[in-house]
Amino acid sequence: MSKSMIGYIMSISVLLLAIWLGVSVGSVKVPIQTLWDTGADAIATNIVWKIRMPRVVLAGLVGASLAIAGAAFQSLLKNPLADPYTLGVSSGASVGAVATLFFGISIPFLGIFTLPVFSMVGALVTMLLVISFAKLVDRGMKMETIILTGIIFSSFLGSVISLMIALTGEELRQIIGWLLGSVSMRGWSFVQMALPFVIIGTFLLWINRRELNAMLFGEERAKHLGVDVKKRKMMILIGGSMLTGTAVSVSGTIGFVGLVVPHMTRLLFGSDNRHVLPLSFINGASLLIICDLVSRTIISPTELPIGVITAFIGAPVFAFIFFKQRKKGGV
Amino acid sequence: MKKRWLIAVMAVLLLVGCGQEETKKVESTETEQSASENIEFPMTLTDAVGEEVTLEAAPEKIISMIPSNTEILFALGLNEEIIGVNDFESYPEEALEKEKIGGMEFNVEKILSLDPDIVFAHESIVGMAEAGLQQLRDSNILVYVVSDAKDFDETYTTIEEMGRATGKLKEAQKIVEDMKVKVEDIQQKVQKVESKKTVFVETSDVPEIYTTGNGTFMQEILNMLNATNIMEDQEGWVKIDPEEIVSRNPDVMLITYDYVEGIVEQVKQRDGFDTVTAIQNDAVIQVNEDTTSRQGPRLVEGLEEVAKAIYPEAFSE
């Protein structure tokens with residue numbers, strides 16, 4: 001069996017396990033049969049179908065989006081430290097979303113999609129600005145240049161958010177609550193809102209999986225290999241921004257997923273983007289479902305912020321794998 | 001000096017503890033003289049953090065650092081004497097016109113420039129404000145830290161302490177008496193209800209639903225009203241898993257915030273909440289955050305509002 005085959009089997013098994021645990025474990029223990037058992041307790045059915053399921057699904061979508069976006073950014077920029085957060089793209093998405101809440105923007109034509117669309121626009125604009133600025137500073141776009149540019153933009157955008165929060169007064173708590181990052185109580189409407197964009201964004205990245213492989217050797221080489229670099233790059237940036245923007249707009253800012261998952265995936269199953277992208281997608285979903293599960297059960301019935309868990313689980317796991325691989329002489 | 005003061009305190013406590021008829025008797029004997037001693041300046045008081053505060057005369061320029069202090073000071077009739085208040089004042093109306101000295105982080109320079117005779121701080125802010133308070137003390141500003149009341153009885157003590165420090169002890173005792181009468185009346189009404197109701201108190205909206213557990217003023221209010229807080233096994237203010245609310249199924253849901261428009265309707269329409277008794281019985285009620293949490297004279301209003309929200313039947317006549 002090939003390495004990637006094992007990767008898919010393992011990843012999908014973990015995802016199924018995560019979903020099963022995510023649905024059945026909680027402050028109220030519900031057997032999985034409740035999902036299809038019509039004679040089950042009304043309260044349990046209600047909790048599972050209307051509170052827990054959408055939460056699990058949303059966590060999965062957000063995790064998957066952030067992870068695949070991170071994987072794509074890392075390959076595109078040939079930068080192992082790139083992820084929606086380090087690049088400032090998440091901050092851009094947050095500014096878009098907070099501005100929507102702050103100004104009470106609602107475009108009739110977009111309806112419930114106003115927030116994610118603004119968030120995505122914020123993400124894309126930031127991404128483009130970060131890349132152009134980094135290019136301006138250093139044509140070679142070294143790893144440090146991009147990350148430093150990302151930090152500059154993140155700090156600036158962070159201050160814009162703080163400013164908007166300071167000026168809101170009464171709705172302050174609403175915006176802060178949203179910024180903290182959570183998949184709690186979003187319901188099916190948020191799943192509906194996010195799903196189309198997750199599909200489109202993922203599709204945009206997926207059709208560029210081979211081009212991403214080529215670009216790992218540098219844009220010049222990619223050009224020689226027959227890749228329309230400009231067009232492909234734009235597609236990848238739009239796809240990644242779309243995914244980041246969607247994730248941020250439904251769940252606020254949840255860190256670490258976009259960085260840890262693609263690396264873990266590469267370390268475990270190889271760095272061919274044809275497999276890294278889909279495997280990151282699956283593993284990102286599993287990771288966030290498990291993190292959310294932990295955040296709501298570890299000190300139940302009290303909840304922890306999910307970002308605490310993503311960092312708490314993500315960082316040591318990452319360190320462990322990194323260490324093992326180094327020992328083996330890999331990476 | 002200190003001993004005499006102690007006797008006075010005990011006498012006052014005795015006075016407060018007695019019924020009305022007895023009060024008269026006590027007043028005529030020992031209290032009369034000690035009460036007059038009480039308002040006699042100079043006096044030395046010990047505040048909540050153990051600092052001795054000596055007042056030469058009744059303060060004429062007072063700064064209140066938190067809204068509950070402000071409410072008490074206004075109730076004592078010190079409208080003219082109050083010269084500085086917190087940024088987040090909401091009651092009484094007059095408080096909004098006073099000079100602002102800052103919010104959570106007060107402006108030391110501003111306070112110094114107002115040259116107050118006394119600053120009323122609060123035990124609850126000492127943790128984060130200690131350095132600032134020390135700066136004030138070092139600049140020879142009298143700082144009196146009001147103790148953080150856990151229940152109504154401690155609030156009564158707080159009101160009297162502040163009354164004593166401002167030479168308004170009689171007024172303070174009157175306020176406390178009035179509060180006690182009203183509390184008694186409300187409690188009598190709710191005692192008549194047949195079945196005890198379960199209550200969920202929500203202090204912030206999704207996605208971060210916070211509630212009040214044990215050790216909060218709301219818990220105290222619910223205890224007084226013969227109602228059960230479904231989250232009383234939790235300590236303090238906690239972020240709660242929404243599933244838990246549904247499964248513990250409260251009879252009444254109290255919403256103590258107003259920063260979300262149409263929140264009551266939103267709560268009723270929350271996904272998965274339709275099996276909750278409170279929602280089925282249309283018992284989701286918004287109550288005033290200030291009157292149910294500020295340790296001042298308006299607590300009785302808060303108590304009554306919560307009582308009516310939980311047991312409307314007891315107040316129907």
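Mentor: In this predicted model, 44% of the 317 residues of chain B count as buried, and chain B is built with twelve helices and 13 strands.

Trainee: What share of the contacts in chain B with a separation of 6 or more comes from residues 24 or more positions apart?

Mentor: Such pairs account for 59% of those contacts.

Trainee: Which residues of helix 5 of chain B are buried, and why might residues three or four places apart point the same way?

Mentor: The general idea is that an α-helix has 3.6 residues a turn, so residues three or four places apart point the same way. In helix 5 of chain B, the buried residues are Ile125(B), Ala129(B), Leu133(B) and Leu136(B), and these buried residues pack against helix 4 (108-114), strand 6 (118-122) and strand 7 (143-146) of chain B.

Trainee: How far apart are the end C-alpha atoms of helix 5 of chain B, and what would a straight helix reach?

Mentor: Helix 5, which covers residues 123-138 of chain B, has 16 residues, and although a straight helix would reach 22 Å at 1.5 Å a residue, its end C-alpha atoms are only 19 Å apart. When you look along helix 5 of chain B, you will find a bend of about 90° at Ala129(B), a residue that is also among the buried ones. After helix 5 of chain B comes Asn140(B), with a positive phi near 60°.

Trainee: How many residues does each chain give to the contact between chain A and chain B?

Mentor: Chain A gives 27 residues and chain B gives 23 residues. On the side of chain A that touches chain B, helix 2 of chain A gives the most, with eight residues.

Note on methods. Residues are numbered from 1 along each chain as its sequence is written. Chains are lettered from A and ligands numbered from 1 in the order in which they are written. This is a predicted model: local features need pLDDT of at least 70, side-chain atom pairs count only at pLDDT 80 or more; totals for chains, interfaces and linings use all residues. Helices (H or I, at least four residues) and strands (E, at least two) are DSSP runs, numbered from the N terminus. The expected span of a helix is 1.5 Å times one less than its number of residues. The bend at a residue is the angle between axes fitted to the seven residues ending there and the seven starting there. A residue is buried if 20 or more other C-beta atoms lie within 10 Å of its own, exposed if 12 or fewer, and partly exposed in between; C-beta atoms are placed from the backbone. Two residues are in contact if their C-beta atoms, placed from the backbone, lie within 7 Å.
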